[in-house]
Amino acid sequence: MRRLLIWLPLVLFAGFFILFASGLLKPDDRVITSKLVGKPLPAFTLPAAASDRPPLASAGLVTGQPRLLNIFASWCVPCAAEAPQLMALKEAGVEIDAIAIRDARPDVDRFLQRYGNPYSRIGLDARSSVQIAIGSSGVPESFVIDGKGRITYQHIGDIRADDLPTILKRLKDAR
Amino acid sequence: MIAEAGLAALWLAAALALLQLMLSGIGLAGHKPNLLGAVRPVAVAQGTLTTIAFVSLITLFMRSDMSVLLVATNSHSMKPWLYKFAGTWGNHEGSMLLWVTVMGVAGAAVALFERALHRETHMATLGGQAAISLGFYAFLIFASNPFARIDPPAADGQGLNPLLQDPGLAFHPPTLYLGYVGLSVAFSFAVGALLTRQVDAAFARAMRPWVLAAWILLTLGITAGSYWAYYELGWGGWWFWDPVENASLMPWLAATALLHSVTVLATRDALRAWTVMLAVIAFSMSMVGTFLVRSGILTSVHAFAVDPERGTFILVLLGLYIGGALALFGWRVGAVREGAPFELVSRETMLVVNNLLLSVILGLVLIGTLYPLLTEAFGHKVSVGAPYFDRIAGPIALILMIVMAAGPLTRWRRDRLGEVSRRMIVPAIVALLVLAGLAILAWGKIGVLPFLGLIVALAVGVASVAPLWKRNLRRTPLFTWGMVIAHLGCAVGLAGMASDSAFTVEKLAAVRPGDIVEAADWKLRLLQISPVAGDNWTALQADMEVYRNGGSPVILHPQSRFFASPPTTTTEAALLTRWNGQLYVVLGQEADEGRWQVRVWWKPFVTLIWLGGALIALGGALALLGRERRGWLLKWRARAVTA
Amino acid sequence: MKRLLALIALLFSTPLSAQSALPPAPYADRQISDPALERKAKALMETIRCLTCQSQSIADSNASLAGDMRSQIRERIIAGEEPEHIRAWLIERYGDWVSYEPTADPVLWPLWGAPLLLIGLGLLLLRGRIKKGRRS
């Protein structure tokens, strides 16, 4: 018995060592993904965020065709960086709607004027309620919504040029 | 020039560490204890060289030498001199240099001042210390060089994180490091004793002062860190079970158990295997802590710039040293004879229970801290925080406190349960009185744990001074006073923690100048908000007039500070300390139409938490002083007799 | 003096990127007037993890998302919702990670088993030690 207990600390340490090594080998992953991927989009209605685009409601996203829902904000620096990619998606025929988080109309107008406007409709989420309701944890994020109003894919962070093929594929799969 | 000199000193120190290791190895293998005479000066030289390297780095920071990469990334010429100085260790490389410096200096101290140890064990200890230092020197030189240059030199630095620009930075890390790197001495002692198979009372007596010294500093370091977080972060919390905080708590728990265990070994020649194991575990926890902080595998406010490559290096060192020591333990401890026997009801048993409870808490904190890592390996993300740790560690800590109260009142070797209970009657009565009082005044208003905490704290507080009753206080040994004060400090700290949980009043308000906020029996009036500027920051300062029960008003100045490099906003809380608590006032953001967010807490007796920590350290210091003095007195008397 | 004014101008003019300029949500920093409800809300907030500054609860965080979550929690508690229901709703969106309070998920059972295991081990060691003492 004593024998067993004397070697126990070393055995336990070996276990911890393996745990630490596995922690180091895994890529650093601090993002919190939404657990609503695969589930229906929660119901919401938001006022208009921009002067020249209609407001956004969840019902409006159930169109029988997949759409991209982009979560952004005028104060968000990476959102400016992904604007060209969103324009490219729009050119490719993708329908994009947006939700502006913690924003105000003049700031949104200014942002869209400066970086381009690929959106069909934009909703204003002044208190992050819809952002929380869909499980998004920051800006920018983009969600693929299928024709029946279900979330099928979440892209966290700004969309880069090499993300475009994946997003297009996800949109196609959501048909 | 200075950077090169510093790096050269580091290389030399590493070379000397290698020499130290080799000499000790030859001395042990060849049974040549006289080689100790050669090993000791090498250790002292090594300690001196690391100090030179460290002083070089400090000089580079003080001079804002922007041709050194580390200074350019972590300092700024406009910083106040105190933060240029303390900023030396406010980053990964600098704090790692502090680590090896403390190790080197500790080794030098053992070489210079340790007289009581058998020569072979002494040599083995210094060899062990050198072996550990080598690995960390290698880490520093090859993976974390603090003296790297950049060409061309930067125009100015990127600045020190504003949260660190506080006197706390000058005190908390050095004290903490002296503590938990100081535990490396205990580790080396244990390894040395295992190698020479000399685990006995004399060994324990030699090791005890080193353990005490490291433990006192670690206690101070943790207490200082807690107070710093409390006033700096702006929400009134003083412990967050953050992985890095836990990383400092675990060595402390092991060191506390070690402290008690080494006393049993020194006085009763029992608990040999326990003492050696705890000495190994204590520094192992320090090393695991440093790994967790610098590898980035756990999310923490404290984590340094993350680099998996560095993490791998440290992991290899962990495997080498901890694995090696535990293997040595398994291999040699069988040869360590069992100590003197003792009965079920005895102080030895109380101390064994004490060790076990501390180890259980240690194990639970370790498991809780690492659990998210384990589940993530299986693809599931969880969070383990205060709700788990409070609920688990709290009750066990309360039981531990009761054992702490009863232990000193129990005789060595053999006592009777009835007798011990009799000595605990007064504390028990206090417990009942507090229970009744709280039940009448606060039933349903405070949580179960704070409720029990208050009862235990007051009862144990009374019990901790019980060993002094019926004693001639002037003839009571200093180390007994030390024990009493340290235990009293635990009770005082617990009382503060429980009181804060139970009775804190929080008030959030959006106010305009002239408005009054009320919290408990305090009234606070916002007089005005005005801009102010400091050396490297600007701020919005609120002037708040506070008073209670018609007492004279005091003006407090909470600030919301803005730093330019790096751009950050910090809150500087205004604290008002009174005998029965602390008023904590924070200025938040502008709400709307000229109203400002203000957060006010009245925290009854919260300062007892850190007063308790200070008392614990004081008790330890008295015990250390008392033991050392007794040692000198005995030696002096022996010499006088033989003269 | 000029430098002071320049610095003050800097304070008021530089937009803080990565944070919205809008004021905080209504109940982000405002307590519920009913103390019992506020206690419930506070207890819940202290166990919800902040998604932005991931080492704090939303009760201790300056992030705007944390403020919005605090506001939402307080408003829902005022409306009569139970804290556990709100927690479950958040877990449905962000997973177990968002709750510091361990859930009943089987993946967390070892965490609760650990104290029992360790205490059992401790008692075993104690029994062995005492027996040895008795035997000699």
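## Strand pairing in chain B

Two strands pair if DSSP finds at least two bridges between them. In this predicted model, strand E8 and strand E9 (residues 581-590) of chain B meet that condition, with five bridges in the antiparallel sense. One of the residue pairs joins B:Thr577 to B:Gln582, the latter in E9(B).

These strands belong to an open sheet of four strands in chain B. The order is E1-E10-E9-E8, and the pairing is antiparallel. Which strands stand at the edges? They are strand E1 (505-511) and strand E8 (574-578) of chain B. Each has a single partner strand, so one side of each is left without a neighbour in the sheet. On average, neighbouring strands of this sheet are turned by 15 degrees against each other, direction ignored.

## Domains of chains B and C

Chain B is divided into three parts: domain 1 (1-155), domain 2 (424-503 + 611-642) and domain 3 (505-604). The C-alpha centres of domain 2 and domain 3 of chain B lie 36 Å apart.

Chain C is divided into domain 1 (23-103) and domain 2 (104-136). Taken over C-alpha atoms, the centres of these two domains of chain C are separated by 37 Å.

## Nonpolar cores

In soluble globular proteins, nonpolar side chains tend to be buried together. How many residues does the largest nonpolar core have here? The count is 221. Among the residues with the most contacts inside this core are B:Val211, B:Ala214, B:Ala254 and B:Leu258. Helix H8 (residues 201-233) of chain B contributes the largest share of the core, 19 residues.

B:Ala254 shows what such contacts look like in sequence terms. Leaving out residues up to four places away in sequence, B:Ala254 touches B:Leu278, B:Ile281, B:Ala282, B:Met285 and B:Leu362. B:Ala282 is itself listed with the residues that have the most contacts inside the core.

Another core, of 38 residues, lies apart from the largest one. Its members include A:Ala50, A:Ile122, A:Ile145 and A:Ile159.

## Where chain C touches chain A

The contact takes 23 residues from chain C and 21 residues from chain A. On the side of chain C, the elements giving two or more residues are helix H3 (64-78), helix H4 (83-94) and helix H5 (109-135). Which of the elements gives the most? H3(C) does, with six residues.

By class, the side of chain C that touches chain A has 10 nonpolar, 10 polar and three charged residues.

Conventions:
Residues numbered from 1 in each chain as written. Chains lettered and ligands numbered in written order. Predicted model: local features only at pLDDT ≥ 70, side-chain atom pairs only at ≥ 80, totals over all residues. Domains from an automatic or database assignment. Core = buried A, V, L, I, M, F, W, Y, C linked by C-beta atoms within 7 Å. Buried ≥ 20, exposed ≤ 12 C-beta atoms within 10 Å, placed from the backbone. Contact = placed C-beta atoms within 7 Å. Nonpolar A, V, L, I, M, F, W, Y, C, P; charged D, E, K, R; others polar. Axes fitted to C-alpha atoms, helices over the stretch in contact; angles between N-to-C directions.
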